[in-house]
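Look at the model below before reading on.

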Amino acid sequence: MAKIDEKWARIFKKIQLILEKNQKLEDANIALQLKITELEKNITEQNKEKESLKEQIQYIKAAKEVHLSEKERAVTKQQLKEFMIEIDDCLAKLIQ
């Protein structure tokens, strides 16, 4: 009878270990789902920013076609460089 009790005790202990591991996996799954949601939100925000920057670039390109002074061209060129850097940063963040 003692052997049966020992077997039941081992089985019960294994079941407890399985349940504990399952709970840890469920907790990890929830944490990962939250991370996914956060990253999807971040991607959406980055896409909106990217589209805004694209529009700004189009405005600057259109302004370039208009006759600008050298100073205005230099300022516009600098703005374009800054926008390109921001776009590159956005794309890098999206890739991560």
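Buried here stands for under 20% relative accessible area. The model is a predicted one. The accessible surface of the chain comes to about 8700 Å², and carbon and sulfur atoms account for 60% of that surface.

The overall dimensions can be read next. Along the principal axes, the C-alpha atoms fill a box of roughly 100 × 15 × 10 Å. The protein chain has a radius of gyration of 29 Å, whereas a compact globule of 96 residues would have one near 12 Å. As for secondary structure, the chain contains 2 helices and 0 strands.

Charge is the next topic. The protein chain carries 19 positive and 18 negative side chains. The centres of these two sets lie 7 Å apart.

Which residues gather in a patch of negative charge on the surface? They are Glu49, Glu82, Glu86, Asp88 and Asp89. Helix α2, which covers residues 70-95, supplies the largest share of this negative patch, with 4 residues.

Asp89 belongs to the negative patch and has its place in helix α2. Is Asp89 buried, partly exposed or exposed? Asp89 counts as partly exposed because its relative accessibility is 41%, and partly exposed covers the range between under 20% for buried and over 50% for exposed.

How values were computed. Residues numbered from 1 in each chain as written. Predicted model: local features only at pLDDT ≥ 70, side-chain atom pairs only at ≥ 80, totals over all residues. Heavy atoms only, no water. Patch = residues over 30% accessible without salt bridge, like charges linked within 9 Å, V, L, I, M, F, W, Y side chains within 5 Å. Areas by Shrake-Rupley, 256 points an atom, 1.4 Å probe, with all protein chains shown as cover. Salt bridge = Lys/Arg side-chain N within 4 Å of Asp/Glu carboxyl O. Lys, Arg positive; Asp, Glu negative; His and termini not counted. Charge placed at Lys NZ, Arg CZ, Asp CG, Glu CD. Buried < 20%, exposed > 50% of the residue type's maximum accessible area, 1.4 Å probe, protein only. Rg over C-alpha atoms; globule rule 2.2 N^0.38 Å.
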